[in-house]
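Here's a quick tour for anyone meeting this structure for the first time. Have a look at the sequence and the model, then read on.

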Amino acid sequence: MAWFKSSYNVASLAVRSIRSPPGVMHRMEGRIFPSKHRYFHATVCKSKGQPSSVPQSVPLSRLSDSFLDGTSSVYLEELQRAWEADPTSVDESWDIFFRNFTGQPPTASGVSGQTMQESMRLLLLVRAYQVNGHMKANLDPLSLEQREIPAELDPAVYGFTEADLDREFFIGVWRMSGFLSNNRPVQTLRSILTRLEQAYCGSIGYEYMHIDDREKCNWLRERIETPTQLQHNTERRLVILDRLIWSTQFENFLATKMKTAKRFGLEGGETLIPGMKQMFDRAADLGVESIIVGMPHRGRLNVLGNVFRKPLRKIFSEFDKKSKPVEEVGLYTGTGDVKYHLGTSYDRPTRGGKHIHLSLVANPSHLEAVDPVVIGKTRAKQYYSNDVERTRNMGVLIHGDGSFAGQGVVYETLHLSALPNYTTGGTIHVVVNNQVAFTTDPRSGRSSQYCTDAAKALNAPIFHVNGDDMDAVAHVCELAAEWRQTFHSDVVVDIVCYRRFGHNEIDEPFFTQPKMYKVIQKHPSSLEIYKTKLLESGEVTREDIDRMQKKVDAILSEEFLNSKSYVQNKRDWLSAYWQGFKSPEQLSVIQNTGVKPYVLKAVGKAITVLPDNFKPHKSVKRVYEERARMIETGEDLDWAMGEALAFATLLVEGNHVRLSGQDVERGTFSHRHAMVHDQETGNKYCPLAHVMEDQNEEMFTVSNSSLSEFGVLGFELGYSMENPDALVLWEAQFGDFSNGAQVIFDQFLSSGEAKWLRQSGLVVLLPHGYDGQGPEHSSARLERFLQMSDDDPYVIPEMDPTLRNQIQKCNWQVVNVTTPANYFHVLRRQVHRDFRKPLIVMSPKNLLRYKFCKSNLSEFDDVQGHPGFDKQGTRFKRLIKDQNDHSEVEKGIRRLILCSGKIYYELDEERKRMEVNDIAICRVEQLCPFPYDLIQRELRRYPNAEVVWCQEEPVNMGAYSYIAPRLCTTLKALGRGSMEDIKYVGRVPSAATATGFLQVHQNEQAEILQRAMQPEPVKYPY
Ligand SMILES: Cc1ncc(C[n+]2csc(CCOP(=O)(O)OP(=O)(O)O)c2C)c(N)n1
Ligand SMILES: [Mg+2]
């Protein structure tokens, strides 16, 4: 590759030389102040009208050909290889070029005297348009600020002069589509330049040359560079016009009828609606049957009404201040949410006579937080509909320019897009880029040129489009659908538009964007622009347009009238797979979770065998041998085995199980080994994927995730919402890291059912426990999950097992489980009930291998008489009573210690060591909802005992502040005392969750145990 190296060196020299002004025709100021480039989308060609417009030849060695560094260099190398194999396989001009480089004599002269250097320069010019043409595209409808055009787009830089404009050139190259295709006829430089300008510098700015795949680039080039592609026929344009009329008049109508209401209107970006509809139509033509959409506030009502066909009367009635949830007895209404957060779904007929199912996912105010949820739901839909190719279910995300650039979860979501267990075969992203975020200019809102630049990391093509050019918007929206269906990967449409009013309709935009809004005031709507265009082309008459507009207005007015008498329907909270599931107001019978012994044995065997010729790591081999022994003897099953049995038994019962999170395959603490690696071949084997013969490959999925909490937890939440017959789990590496996903906990998991009436049985595993690993790795911030729990601290609910619906009424469950069997049952309970509730598990670290944290197989089964089998059968134990088998009443017990989690084992050991026999220790395995009935039972059992809450966490953390009022309510109900009678043993208040010094930790831990066992009464806090 001698020639390539030399030209590469020339290229780097050239970059240096072009930065020194003398003799260079096109100045490079724009490069010195790159920050100027990133704000707005209008462009100016500095060279126009300047003396330098008469270009002079620049030697090849002076060219700024940074494109030689990347894609072109690969291309040229390939070209040379082809030429070496067969000189006639490339165009004649390239033959001359390579001959020259390799010192071979030329065979003929180039086309019309075209020299090798000229071929090279022309190629570079075309490449420059492909790479940077978008910089010159007319993207900003407001033409607010002008971007400088990159020097590379000036033919003079390549040595072409006016004298060359009417000379003919051949620019076809080998294995290239579109403009540069090999079979292109000879053209004049003038027509080449005209076509380049049309293709790359019109209303669409294409960014795709960062994609390192020739086939994909060629596919795009063919569509971008072929002149006829942009045309829609008249019939289609009339459909588009009608849709634009709907989109525009919907907002106008609301603006006149609800002058003071906040609706986050789409004005300035109305072309989004016809664009989306074109996209959905095209997607349906290409096989998409279901589209899952996530979008923010802006234009949401318009999308709901015009794309999702939510009845307009319903939308209008929600504006009525008197509108409130129906207070019908037994009606499950939740707390509700503001109208521009609500989701919906709709079966939309398409122009091709098909139906496409559309779902808009409800979302909170937090911009972009819904992104991973939508993607997770899409992936789940693909699983349940056996959409192996991922072409029938598609995710679409609508973004704002400010939030797309600013919110990290966008990047986290983008990065899930190609991961094997998270991909959905491509998401279409549409940015409603109104060039402002609330009151913030892009200048202050991002450091990149475009708000979409993060997507470049993905090799996603980005289509920037002038939002005033309706045809162009429709075109790129369709192109995006075609891309997604062809390459099964993400694509971005950036609709550059404006916001006609303030952030919401009550805001005054002139406070902060006076110049912009002066322009906006005078700017015609995109509907006006489109109407003019179609009138001018003669495709439509004024009368046609009037008729169309009047019809839309009439429907809007009629629907508005109807909205006055509109009665809100019963809020529908069930979606397709959820028929038969119970709302909190419908009692669901508590089910047992024990499993037949023979099933336990059979699945136990299946998940402890590795294939014959498989060579696991020797330690993993031991782990599996040990697991086989546990099943064989039925004794001392450990945590990982308890979990694996829960998964396996759920699988054989027909449920889907999916566990995702960082390093979950092995397990952060090297305890799970759900995926085993052959030490010689590197092959992987997952025993749980082979519990049954011919088990569907994905039925059990365990997957290491990207290093993201917000994105991955959101994804799994979305996944869990699709179908209830699944156990979906997300595990944090350490519990503390879950705060990186706080938005999902606050806005979705803890409150989603109340706001949107959508249930989820997602399980969140958060390693938690004080074992000297320092402030971060000790605490999963249990207190926060408990604080978000909505079980009433002051009212004891119905606790009779036949009437109890305490969990159904509570927003979620928080547990800190201490035995493998209880873990097994709490996981199974998630699926063995007629409703779904999120489950937060403070999961153990040192208990994973602790010698006493073991269960016998008899605790997993449903055999009467076996431990765990009580009056109702075998179930999850919300509270584990003292293990010393106390009778109904134990008057001699002087202290009842209530605790949760691993501190129990330390207390028990200390009690044994000190030979204390007048202290009882109970484990509150389920903290929320609070097990009032069982606590009462234990309080009755120990009538004379001092009541102590013992925890490892500082008093301002852990469960104490949750437990205290509930325990107090229980004590009062029994006449046993009140707040002062609840004693506390644990760490003192602290800002950090734990000490960083091991020695200090050990002393603190010892002190807790010593105080818990002290002979004298506990004095703290009263
Ligand atoms: C995570 C988050 N931070 C802040 C806000 C408050 N907020 C609401 S809209 C908005 C501006 C959004 O700008 P952009 O994404 O460009 O959308 P636009 O409103 O312009 O359509 C902000 C900051 C929010 N909703 N979510
Ligand atoms: Mg914006």
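## A cross-chain pair

Asp 771 is partly exposed, with 22% relative accessible area; here buried means under 20%, exposed over 50% and partly exposed in between, using a 1.4 Å probe and protein chains only.

Where do Asp 771 and Lys 845 lie? Asp 771 is in the loop between β18 (763-767) and α26 (782-787), and Lys 845 is in the loop between β20 (839-843) and β21 (869-870), so the pair ties together parts 74 residues apart in sequence. Helices (H or I, at least four residues) and strands (E, at least two) are DSSP runs, numbered from the N terminus.

## About the model

This is a predicted model, where local features need pLDDT of at least 70 and side-chain atom pairs count only at pLDDT 80 or more, while totals for chains, interfaces and linings use all residues. Residues are numbered from 1 along each chain as its sequence is written, chains are lettered from A and ligands numbered from 1 in the order written, and side-chain values use heavy atoms, leaving out hydrogens and water.

Side chains of opposite charge can pair when their charged atoms come close. Searching the whole structure turns up 53 salt bridges. Asp 544 and Arg 547 make one of them, with their closest N and O atoms 2.6 Å apart. These two sit 3 residues apart in helix α19 (residues 542-564), which means about one helical turn separates them. Asp 544 is partly exposed at 24%, while Arg 547 is exposed at 53%.

There's also a network of salt bridges linking Arg 237, Asp 469, Asp 471, Lys 533 and Glu 539.

## Around ligand 1

Ligand 1 has 15 residues around it, the closest being Arg 298, Asp 401, Gly 402, Ser 403 and Val 436; a residue is near a molecule or strand if one of its heavy atoms lies within 4 Å. Helix α13 (residues 401-406) gives the largest share of this shell, 3 residues.

Which side chains have a polar atom 2.9 Å from an oxygen atom of ligand 1? Arg 298 does, and Asn 434 has a side-chain N or O atom at 2.9 Å from a ligand oxygen too.

Technical notes: Salt bridge = Lys/Arg side-chain N within 4 Å of Asp/Glu carboxyl O. Polar contact = N/O pair within 3.5 Å; in protein donor to acceptor, adjacent residues only side chain to side chain.
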